[in-house]
Amino acid sequence: MQEYKANGKLLLTAEYVVLDGAKALCLPCRLGQKLEVSKLEETSNFLWEAELSDSSLWFSVEYEIDSNNILLKNTTKEEPALFLMKILKELLLLKPNLNLKGLKFKTKLDFPKNWGLGSSSTLIALLSDWAKVNPYELLEKTFGGSGYDLACAVNNQPIYYERNRINPKIEKVDFYPSFHEHLFFVYLNQKQNSREGIKMYRNLEKDEILINKISEISEDLVNVNSLENFNQLLDLHEELLSNHLGIPTVKEKLFSDYTGGSIKSLGAWGGDFIMVSSLNKNLDYFKAKGYNTIIKYKDLIL
């Protein structure tokens, strides 16, 4: 049996503008997704099982191979099975001699699927690792996006990421703030569709000044040595993007009376996780508002 692991992801800076080449500060997560590939006996078909983080079965599917074409034979859940089939067909186009017959694939998430930590990107990374193809090529042909999440999937420490289609620039950085005990991730109880956010951003005019400013903030955050300066950079980042996007920050929208520190959107605005800095490390404010999934920085980030 072959085993593979891919890390989840959080995007600390450059959400949206990473698509236009801004330097993003990206945080690979301890939680990700695993893939096991094993051989079956006496079959020319292949099987796929996808498990959720609680070990329950999300869906299973049996595919048939006919003249190097993949056909859906039976499944417990048609929509994800058909989309997975599309990904596998693109994988075969990248590597036509790939043999799927007689194999069983089993994936398992380390985190709840609705957390938005990269169930799709980790899948692309895992399949690309197994098939030995460029994951950014497979991403371009399937989900699209900037590709920062793929870079997180295969790196075990924070990185700078600059998009360049299938050959991005990736630089490992030392980013483990001395004040990390004041940093938390709060789940907003709703999954955000990043593709809708990307579509919204693409309707706006490209802003080179904004791209440069966000890139500078990404670099400054790595070198900052106090929580106060860190918060100032987070607030500036939120303000710049809010002005460009024409939508309020998450703090203005949901937490306008929060005075304990700063709040930063992570990835597509409107859902998934936010980063919260808390001067007194007291998160009762968020719990009182019904946000009970709160994770310490050190417990989530590699």
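How many of the five residues of strand 9 (residues 183–187) are buried? Five of the five are, so strand 9 is largely enclosed by the rest of the structure. Here, buried means under 20% relative accessible area, exposed means over 50%, and partly exposed lies in between, with a 1.4 Å probe and protein chains only.

Before I continue, a word on the source. This is a predicted model, in which local features need pLDDT of at least 70 and side-chain atom pairs count only at pLDDT 80 or more, while totals for chains, interfaces and linings use all residues. Residues are numbered from 1 along each chain as its sequence is written, and side-chain values use heavy atoms, with hydrogens and water left out.

Let me return to strand 9. Helices (H or I, at least four residues) and strands (E, at least two) are DSSP runs, numbered from the N terminus. Both faces of strand 9 are covered: Leu183, Phe185 and Tyr187 are buried on one side, and Phe184 and Val186 are buried on the other. Two strands are said to pair if DSSP finds at least two bridges between them. Strand 9 pairs with strand 11 (residues 273–277) in the antiparallel sense, over five bridges, and Phe184 stands opposite Val276 of strand 11. Strand 9 is also joined by three bridges to strand 12 (residues 294–296), again running antiparallel. In that pairing, Phe185 has Ile295 as its bridge partner.

A nonpolar core is a set of buried Ala, Val, Leu, Ile, Met, Phe, Trp, Tyr and Cys residues joined through side-chain atoms within 4.5 Å. The largest such core has 91 residues, and Phe185 is among those with the most contacts inside it, together with Leu10, Trp48, Tyr63, Trp130 and Phe230. Another core, of 13 residues, lies apart from it and includes Val250, Phe255, Ile263 and Ile274.

I turn next to the aromatic residues. Rings of Phe, Tyr and Trp (its six-membered ring) pair if their centres lie within 6.5 Å; planes under 30 degrees apart count as stacked, over 60 as edge-to-face, and the rest as tilted. The structure holds 21 aromatic pairs. In one of them, the rings of Tyr258 and Phe286 have centres 5.0 Å apart and planes at 55 degrees, so this pair is tilted. It links distant parts of the chain, 28 residues apart: Tyr258 belongs to the loop between helix 8 (250–254) and strand 10 (263–265), and Phe286 to helix 9 (residues 284–288). Both Tyr258 and Phe286 are buried. Elsewhere, ring pairs link Phe175, Tyr176, Phe179, Phe185, Phe230 and Tyr297 into a cluster.

One ring also has a charge over it, the criterion being that NZ of Lys or CZ of Arg is within 6 Å of the ring centre and within 35 degrees of the ring normal. Lys23 lies over the face of Tyr160, at 4.7 Å from the ring centre. Tyr160 has Glu171 of strand 8 as its bridge partner. Strand 7 (residues 159–162) and strand 8 (residues 169–172) pair in the antiparallel sense over four bridges. The two strands form a hairpin with six residues between them, and Arg165 in the turn has a positive phi of about 55 degrees.

For Cys29, the nearest cysteine sulfur is that of Cys152, 7.1 Å away. The sulfur of Cys152 has its closest cysteine sulfur in Cys26, at 4.8 Å, which is too far for a bond. Cys29 counts as buried, at 0% relative accessibility, and Cys152 is likewise buried, at 0%.

Methods: A disulfide is a pair of cysteine sulfur atoms within 2.5 Å.
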